[in-house]
Amino acid sequence: EGKGARVALHPNGKYLYVGCRSPSPGLIAIVHVEGKGADCSLKVIGHESTRGAVPRNFKLMQEGEWMVVANQEGKNVVSYAVDPDTGFLSFKSEISTEPYKACNVGSPDA
């Protein structure tokens, strides 16, 4: 069983990302945002594995071109390229933080 965690809106306003602190693997839900204001609707269009247990935090970086995820119990940090046209994530790299738990990610623009 997982719990909702961080939520982030892509800078283009078309995609919402929701972290799910599930045991293994953690997930990022990808939600399409259609319309604005009272006419806005949300539709889950996919999920991406965080490649580790309990994603504690994630951050969209470089104007939404990249997403970095910190998996607390997985003790790793994972990066994805973000497709601004579809909202989907493409795995790019992973580093271990052993023996430490990865909890927060930041960036120079944070």
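**Asn57**

I started with Asn57 and found it in strand β5, residues 55-61; strands here are DSSP runs of E with at least two residues, helices are runs of H or I with at least four, and both are numbered from the N terminus. I am working with a predicted model, where local features need pLDDT of at least 70, side-chain atom pairs count only at pLDDT 80 or more, and totals for chains, interfaces and linings use all residues. Residues are numbered from 1 along each chain as its sequence is written, and side-chain values use heavy atoms, with hydrogens and water left out.

Is Asn57 buried or exposed? I noted 15% relative accessibility, so Asn57 counts as buried (buried is under 20% relative accessible area, exposed over 50%, partly exposed in between, with a 1.4 Å probe and protein chains only).

Next I looked up its side-chain partner: the side chain of Arg6 makes a polar contact with that of Asn57 at 3.5 Å. A polar contact is a pair of N or O atoms within 3.5 Å; within protein, one must be able to donate a hydrogen and the other to accept it, and residues adjacent in sequence count only if both atoms are side-chain atoms. Beyond four places in sequence, I listed Arg6, Val68, Val69, Ala70, Cys103, Asn104 and Val105 as contacts of Asn57 (contact means heavy atoms within 4.5 Å).

**Pro55**

I stayed in strand β5 for Pro55. Its relative accessibility is 4%, so I put Pro55 down as buried. Leaving out residues up to four places away in sequence, Pro55 touches Ala5, Cys20, Arg21, Ser22, Gly26, Leu27, Thr50, Val69, Ala70 and Asn71.

**Ser79**

I then moved to strand β7, residues 76-82, for Ser79. Ser79 is buried, because its relative accessible area is 13%. Which side chain makes a polar contact with the side chain of Ser79? I found Ser93, at 2.7 Å. Ser93 is also among the contacts of Ser79 beyond four places in sequence, together with Met67, Val68, Ser90, Phe91 and Lys92.

**Glu94**

Strand β8, residues 89-96, holds Glu94. I logged Glu94 as partly exposed, because its relative accessibility is 42%. A polar contact of 2.9 Å links the side chain of Glu94 to that of Asn76. Setting aside neighbours within four places, I have Arg51, Asn76, Val77 and Val78 in contact with Glu94. Val82 is 12 residues from Glu94 along the chain, and their C-alpha atoms are separated by 16 Å.

**Whole chain**

I finished with the totals. The protein chain has 0 helices and 8 strands. Buried residues are 41% of its 110 residues. Among contacts with a separation of 6 or more, 39% join residues 24 or more positions apart.
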